[in-house]
Amino acid sequence: MADVESLVSSAATVYARKYGKEPQWFAAAPGRVNLIGEHTDYNDGFVFPMAIERYTVIVAGPAEAETDAEFYSMYKNKSAFVQVDGSAKPPLHVAWFSYIQGTVQNVFEAGLTIPPFRAVVVSDVPLGGGLSSSASLEVAVATLLESAAGKKLDPVEKALLCQKAEHLYAKMPCGIMDQFISAMGEKGFAMLLDCRSKVPKMIPMDSPNVSVLIINSNVKHTLTGSEYPDRRRQCEKAAALMGVPMLRDADLELLQAKKEVFDKEIDGDICFRRARHVITENARTLAMAEALTEKEWKHCGELMYESHASMKDDFEITCPEVDILVDVTSKQKGVFGSRMTGGGFGGCTVSLVDTDKINDVIESVSQRYERQTGILPTAFATQAARGAYCPKE
């Protein structure tokens, strides 16, 4: 894992070589891991993410162009030009720079005057692993634009305009969790976020005795693209069948009382199980925030295992490889709990592990997972990291 200082140095070197001068503006925004609370955000529920020690870093400086900005991606080894004058429109086809263009456009519409500039982007947030590399990029762009414009956005407004960029320009109807934690995370704290009130509560996550272990299954199943929207639609239908605005407003007693209403629908059983996951996941998320505050690691772990079972059986977003990874991890000494994290169908698991046992757990899990699947996972431990900031300020 590269630290932010190393990422800045690497990007600045490329910038100087490419543009013949030193960058003037710098921004860094972290990826995130969700400790618990999956697919609850767009149901007005509760989520419990923390920023991780993996960042997207952007360095930039003014350019002589009139209306555009150039973003050079070190990962892709290519550039993209985006409009900074407010003239951009949502694209017909999504590309990697769509996230950038959407953020630039929304920041412009929020009232910031953005000068033309040239930028270099580098990141050590794993792509496609459910660690929110897209939100990390969006928030890094918005943070950079604050420096370029010489004006700060309200942190909540910044997170929301980044979310809007993903909705309109990347065509992904995501909730608010990813952008909130990337923009407003605090070192040594996880964030209990009420997705209805949009009010975050910071929960201490600073014990040196327990680390967060993230293991990438290195599997991402090919999907049709409708899996996320389908589940969102199923949740909305379940809420309507129960007569509540959102699943946040339902409980298990009401769900069971409306069972006959669900049974009359063709997809009633599916919607019933989707609702059961969200209702119980909200309760688990609140319970874990309390358990974490009291450092009740065993109880935290139990809640994580229950969450994974619910994602597997009721929300149906896990996959065989990730299920194996959670099972293998659960059998290791020093592991308190483990679950899939992220949107599903592959990606990463998150586990709470005795810090002294981290290396042993990584080695044993990697060997056993590879033996059962033929795939070598990648893993890293992290503490709760800082949210977006400008490294040189």
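This is a predicted model: local features need pLDDT of at least 70, side-chain atom pairs count only at pLDDT 80 or more; totals for chains, interfaces and linings use all residues.
Start with the open sheet, which has 4 strands in the order β10-β11-β9-β12, paired in the antiparallel sense. Strands β10 (335-341) and β12 (378-382) sit at the edges with a single partner strand each, so one side of each has no neighbour in the sheet. On average, neighbouring strands here are turned by 20° against each other, direction ignored. Inside the sheet, β9 (residues 210-220) runs antiparallel to β11 (residues 346-354), and the two are joined over 8 bridges. One spot to look at in this pairing is Ile 214, which stands opposite Val 350 in β11. Helix α10 (residues 297-313) packs on the sheet and touches β9, β10 and β11. The direction of α10 makes about 30° with that of β10.

Helix α10 also has a helical partner. The axis of α9 (residues 268-293) comes within 10 Å of that of α10, and the two cross at roughly 165°. That angle is over 145 degrees, so α9 counts as roughly antiparallel to α10. On the α9 side, the residues making the contact include Arg 273, His 277, Glu 281, Arg 284 and Met 288. From α10 come, among others, Trp 297, His 299, Cys 300, Leu 303 and Met 311. The crossing of α9 and α10 is left-handed.

Strand β7 (residues 189-194) and strand β8 (residues 199-204) are linked over 6 bridges, with Ala 190 opposite Ile 203 in β8. The two strands form a hairpin with 4 residues between them, and Lys 198 in the turn has a positive phi of about 60°. Strand β7 is mostly covered, as 5 of its 6 residues are buried. Strand β7 also pairs with β2 in the antiparallel sense, over 2 bridges, and Leu 193 in β7 is the bridge partner of Val 47.

Phe 46 is found in that β2 strand (residues 46-47). With a relative accessible area of 13%, Phe 46 falls under the 20% cut-off and so counts as buried. Beyond its neighbours within four places in sequence, Phe 46 is in contact with several residues, including Gly 37, Thr 40, Leu 192, Leu 193, Asp 194, Arg 248 and Leu 286. Ser 87, by contrast, is 41 residues along the chain from Phe 46, and their C-alpha atoms are separated by 36 Å.

A polar atom of the Ser 182 side chain lies 2.8 Å from the backbone oxygen of Pro 30. With neighbours within four places in sequence set aside, Ser 182 is in contact with Ala 29, Pro 30, Ala 135, Ser 136, Val 139, Gly 387 and Ala 388.

Key:
Residues are numbered from 1 along each chain as its sequence is written. Side-chain values use heavy atoms; hydrogens and water are left out. A polar contact is a pair of N or O atoms within 3.5 Å; within protein, one must be able to donate a hydrogen and the other to accept it, and residues adjacent in sequence count only if both atoms are side-chain atoms. Contact means heavy atoms within 4.5 Å. Two strands pair if DSSP finds at least two bridges between them. Axes are lines fitted to C-alpha atoms, for helices over the stretch in contact, and angles run from 0 to 180 degrees between N-to-C directions. Angles under 35 degrees count as roughly parallel, over 145 as roughly antiparallel, 65 to 115 as roughly perpendicular and the rest as oblique. A crossing is left-handed if the near helix is turned anticlockwise from the far one by less than a right angle, and right-handed if clockwise. Buried means under 20% relative accessible area, exposed over 50%, partly exposed in between (1.4 Å probe, protein chains only).
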